[in-house]
Amino acid sequence: MASESSGGTDTLERPESGHDETTQAATSGANDVVIACRGLTKRYRVALGYEIEALSELDLEVRRGEIFAIVGPNGSGKTTTLKLLLGLIFPSEGEAFLLGEPPRSRRAKRRIGFVPEGPFFYQHMSGEEVVRFYGRLCGLRGRDLRDRTEELLKLVGMSKRRDVVMAQCSKGMVQRIGLAAALVNDPDVVLMDEPTSGLDPIGAHEIKELTVRLKEAGKTVLLCSHLLEQVEEVCDRIAILHRGNRLAYGPIDEILQVTDLTELVAMDVSPDAESKLEAMSRETRRQAGEIHCTLKADVEPFDALDVVRGGGGELLRFGRVRESLEDAFIRAVMATSEDGGPVSTDAAEAGAKPSDDGEDKGADEQDQASEGGEEE
Ligand SMILES: Nc1ncnc2c1ncn2[C@@H]1O[C@H](COP(=O)(O)OP(=O)(O)O)[C@@H](O)[C@H]1O
Ligand SMILES: [Mg+2]
């Protein structure tokens, strides 16, 4: 299942080098927790006396300065989690905290930025006008507003395209403006729902780079995505959701298992060495003067290394193949299905159940957070 293109590579050490297997656990105090969900559960009423559990007893913590991703297929409860964190809906059970405050607290809201899935703006406004509009809503005026707008347009790579009206913007451009608008209040925490969904590969790559830039600027990022390969490279820790249940949680490097296959990438090896490597590999690929080999299981990896050195080549990568996030996801889902067979992913497909009280209290919209009840 593991593929060398999507999986990373873990460094290999010669057995005699006495490699210490212990990993350095990241130390984090309680102050480092900026988002916390404890037993967070959400049931939506879907019909007379029936409800579905979109999120079941979710526990997770997002730490200061990290990129945390909630991943899972459509319908697994990701947007529900974000809505609960933003105080847009109420939990059926459990609680959530943002920067130590309940989600509806104004103090917390001032310090967060949110990019919804497919942000939508007034179509007649230009990108610059949208950012200025949100800046004004956040109380910026005059020079501060001008400087902040300038800074954000530059950050999201829209300085030169600032005058394009939203109706003419590509999805990628709208996503960038959405991010700029979410950053206008200089938030400590940025929440993003499906930030790369619907973007072409270049657009998706640029949004990934922006996400990393946010982290470098000291911000904490929580993003939700069903595009597993797109979060794999950028996030520090993840939670895998499936039908509202957390199947895996932790540092991505710990969740992705290392396979027993070895990958070797070298360049400028002699033709003779190349054919030797080919004979030692179960799979080889040539690309721009490089040779990529996945070694046969019975080949001693360091023998292949000696072939590269003997053939005058330069070693570019050498290590164990790590499974992709998609592999890890499928493994986690299969482990929850009783017969190991394929399982549907959507919570709704798992079937609505009669609600405990048996009463129809109306559509979930009535459950949306109403005015008032602020913490300040
Ligand atoms: N307002 C709602 N009313 C009823 N069911 C809903 C509502 N919002 C979401 N759901 C259901 O809850 C489950 C989780 O949805 P959602 O959180 O949007 O998932 P994701 O963002 O992972 O795609 C799905 O089965 C969805 O159909
Ligand atoms: Mg969603």
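Reader: Which way does α9 pass α10, in a left-handed or a right-handed crossing?
Author: α9 passes α10 in a left-handed crossing. A crossing is left-handed if the near helix is turned anticlockwise from the far one by less than a right angle, and right-handed if clockwise. Helices (H or I, at least four residues) and strands (E, at least two) are DSSP runs, numbered from the N terminus.

Reader: Before we go on, what sort of model is this?
Author: It is a predicted model, where local features need pLDDT of at least 70, side-chain atom pairs count only at pLDDT 80 or more, and totals for chains, interfaces and linings use all residues. Residues are numbered from 1 along each chain as its sequence is written, while chains are lettered from A and ligands numbered from 1 in the order in which they are written.

Reader: Back to α9 and α10. At what angle do they pack?
Author: About 165°, with the axes 9 Å apart. Axes are lines fitted to C-alpha atoms, for helices over the stretch in contact, and angles run from 0 to 180 degrees between N-to-C directions. That makes α9 roughly antiparallel to α10. The cut-offs: under 35 degrees is roughly parallel, over 145 roughly antiparallel, 65 to 115 roughly perpendicular, and the rest oblique.

Reader: Which residues meet there?
Author: From α9, Ala273, Lys276, Leu277 and Met280; from α10, Ala304, Val307, Val308 and Gly310. Contact here means C-beta atoms, placed from the backbone, within 7 Å. By class, this contact has six nonpolar, one polar and one charged residues. Ala, Val, Leu, Ile, Met, Phe, Trp, Tyr, Cys and Pro count as nonpolar, Asp, Glu, Lys and Arg as charged, and the others, Gly among them, as polar.

Reader: And α5 with α6, what angle and distance?
Author: α5 and α6 (residues 201–216) pack at about 15°, axes 10 Å apart. α5 and α6 are therefore roughly parallel to each other. α5 passes α6 in a right-handed crossing. Lys171, Gly172, Gln175 and Leu179 of α5 make the contact with Gly203, Glu206, Ile207 and Leu210 of α6. That contact has three nonpolar, three polar and two charged residues.

Reader: New topic: sheets. What order do the six strands have?
Author: β6-β7-β8-β4-β9-β10, in an open sheet with mixed pairing. Two strands pair if DSSP finds at least two bridges between them. β6 (112–115) and β10 (245–251) are the edges, each pairing on one side only. The twist averages 15° from one strand to the next.

Reader: How many bridges join β4 and β8?
Author: Five, in the parallel sense. Phenylalanine 68 stands opposite leucine 222 in β8.

Reader: Which helix lies across β6 and β7?
Author: Helix α5 (residues 171–182), running at about 165° to β6. Helix α11 (residues 325–336) also packs on the sheet, touching β4, β9 and β10.

Reader: What about the four strands?
Author: They form an open sheet, β5-β2-β3-β15, with antiparallel pairing. Its edge strands are β5 (93–98) and β15 (353–354). β2 and β3 pair over 10 bridges, and valine 33 stands opposite arginine 63 in β3.

Reader: What is the phi of glutamate 57?
Author: Near 45°, a positive value in a residue other than glycine. Most residues other than glycine have a negative phi. Glutamate 57 lies in strand β3 (residues 50–63). With 15 C-beta neighbours inside 10 Å, glutamate 57 counts as partly exposed. A residue is buried if 20 or more other C-beta atoms lie within 10 Å of its own, exposed if 12 or fewer, and partly exposed in between.

How values were computed
Two residues are in contact if their C-beta atoms, placed from the backbone, lie within 7 Å.
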